[in-house]
Amino acid sequence: MRWFPKLIYLILIGSAFMFVLLYMPNFSVYLFVTILVILVILFLMAHWSGVHISAELVMPTEPIAPGEPFSCTVVLHNTSFLPVGTVRVTLQSTHVTLQESVSFYLHGVIPSRGTARLNCTMTSAHCGQVKVDLTCIRIFDWLRLFSHGNRKKVEPAMMEVLPCVTDPPKAFLQKQEESDAPMKPTTEPEEFLGIRDYREGDRIRSIHWKLSSQFTDPVVREYGIPEKTGVTVFLAYALLPGYTDRGQRLDAILEAVTALTRICCTNQQILTLLICSDCDCQNYTITAEDELPNILRAVLQAPPQDTPEACRQSLIRSGYHAMLQIADTPNGMTIQSLASQTGNILQLLIPGTAAETVYRLMQVTSAL
């Protein structure tokens with residue numbers, strides 16, 4: 001009850017005035033001065049403590065999944081010899097990608113020349129980049145009559161919320177491993193391809209001497225390794241306006257990209273990701289799954305565009321050609337196989353089915 005100490009002081013001031021009416025002026029003056037001195041001391045203590053307070057924000061550095069709680073810690077350092085009885089910290093969590101904000105309030109005490117750690121548990125229901133700002137530090141005196149606002153700038157903390165997708169079905173991966181992939185010739189003995197005529201530059205040890213005795217010119221053994229074809233995917237970084245489930249639609253898009261990256265990296269294929277806005281098209285080459293978070297971290301710093309069709313026009317202007325496209329549509333998020341002769345199109349039902357739909361698409365189309 002913040003009003004209670006103030007009420008007590010009002011009663012004391014009223015009592016001092018009553019002593020004047022009761023013809024006790026000396027005592028009333030002493031009481032009134034004492035009350036004023038205490039008020040001044042409390043004011044100076046709050047101001048002194050507030051000047052000697054510094055703060056920093058500590059958050060996890062690894063990305064988290066949507067709905068997963070994470071801890072934000074406010075570390076307060078008190079360099080003064082005066083302890084802080086009450087400190088109130090205001091945090092503002094902003095989902096940068098979806099432009100949504102919420103505030104949190106923390107209370108605590110700080111010992112003299114000590115450190116206090118105030119913890120706040122937060123969650124983000126949707127993927128994107130979350131920024132936490134320490135907007136205000138207010139220090140109160142012990143009776144909470146006065147307060148001081150600390151105006152020192154504290155660097156905001158950033159957190160990435162990325163989708164957590166399931167692994168591709170084992171049967172699908174085995175099918176990929178056992179498929180008749182094209183072979184790339186190599187000079188190292190990997191897999192025997194056959195016999196061919198000797199060409200300048202071939203190694204002497206690769207000559208098949210026994211078989212060469214039957215021909216005019218020598219022949220050599222040729223070996224090969226499975227050649228993985230590259231995959232190019234177009235992502236329209238845009239969400240159609242007018243829908244209330246923008247967070248779910250963004251989750252489906254990012255989940256589809258993550259599932260495609262996992263498939264390609266598992267099958268040792270190079271993925272070229274074309275992320276286009278309405279005025280720009282960025283080209284990223286991914287050879288390992290752990291490269292994707294850094295790419296998404298840079299993309300999610302800005303909210304999605306409102307014009308998916310303009311993103312496609314940006315792709316056309318860039319001159320790139322993609323096998324698969326991922327874009328928002330009025331009925332959900334669509335993954336379309338541009339390389340499939342059947343023109344197979346699968347709708348992603350949101351939320352939570354994007355990865356499974358990607359895996360089904362890879363099984364029914366020859367895009368990869």
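Colleague: Leaving aside its neighbours within four places in sequence, which residues is proline 308 in contact with?

Modeller: Contact means heavy atoms within 4.5 Å. By that rule, and apart from neighbours within four places in sequence, proline 308 touches Ala236, Ala238, Leu240 and Asp328. This is a predicted model, in which local features need pLDDT of at least 70, side-chain atom pairs count only at pLDDT 80 or more, and totals for chains, interfaces and linings use all residues. Residues are numbered from 1 along each chain as its sequence is written, and side-chain values use heavy atoms, with hydrogens and water left out.

Colleague: Is proline 308 buried or exposed?

Modeller: Buried means under 20% relative accessible area, exposed over 50%, and partly exposed in between, with a 1.4 Å probe and protein chains only. Proline 308 has a relative accessible area of 4%, so it is buried. For the protein, buried residues make up 43% of the 368 residues.

Colleague: In which helix does proline 308 lie?

Modeller: Helices (H or I, at least four residues) and strands (E, at least two) are DSSP runs, numbered from the N terminus. Proline 308 belongs to helix α7, residues 308-318. The protein has eight helices and 17 strands.

Colleague: How should I read a sheet, and which strands form the open one?

Modeller: Strands of a sheet pair through backbone hydrogen bonds, either parallel or antiparallel. Here two strands count as paired if DSSP finds at least two bridges between them. Three strands form an open sheet in the order β1-β2-β5, with antiparallel pairing. β1 (53-58) and β5 (115-122) are at the edges with a single partner strand each, so one side of each has no neighbour in the sheet. Between β1 and β2 (residues 70-78) there are six bridges, and leucine 57 stands opposite valine 74 in β2.

Colleague: What is a nonpolar core, and which residues touch the most other members of the largest one?

Modeller: In soluble globular proteins, nonpolar side chains tend to be buried together. A nonpolar core is a set of buried Ala, Val, Leu, Ile, Met, Phe, Trp, Tyr and Cys residues joined through side-chain atoms within 4.5 Å. The largest has 38 residues, and Val233, Leu273, Ile326 and Val358 touch the most other members. Elements that each supply at least two residues include β12 (231-236), α5 (246-266) and β13 (271-276). α5 gives the most, with eleven residues. A second, separate core has 28 residues, among them Ile64, Leu91, Ile139 and Val154.
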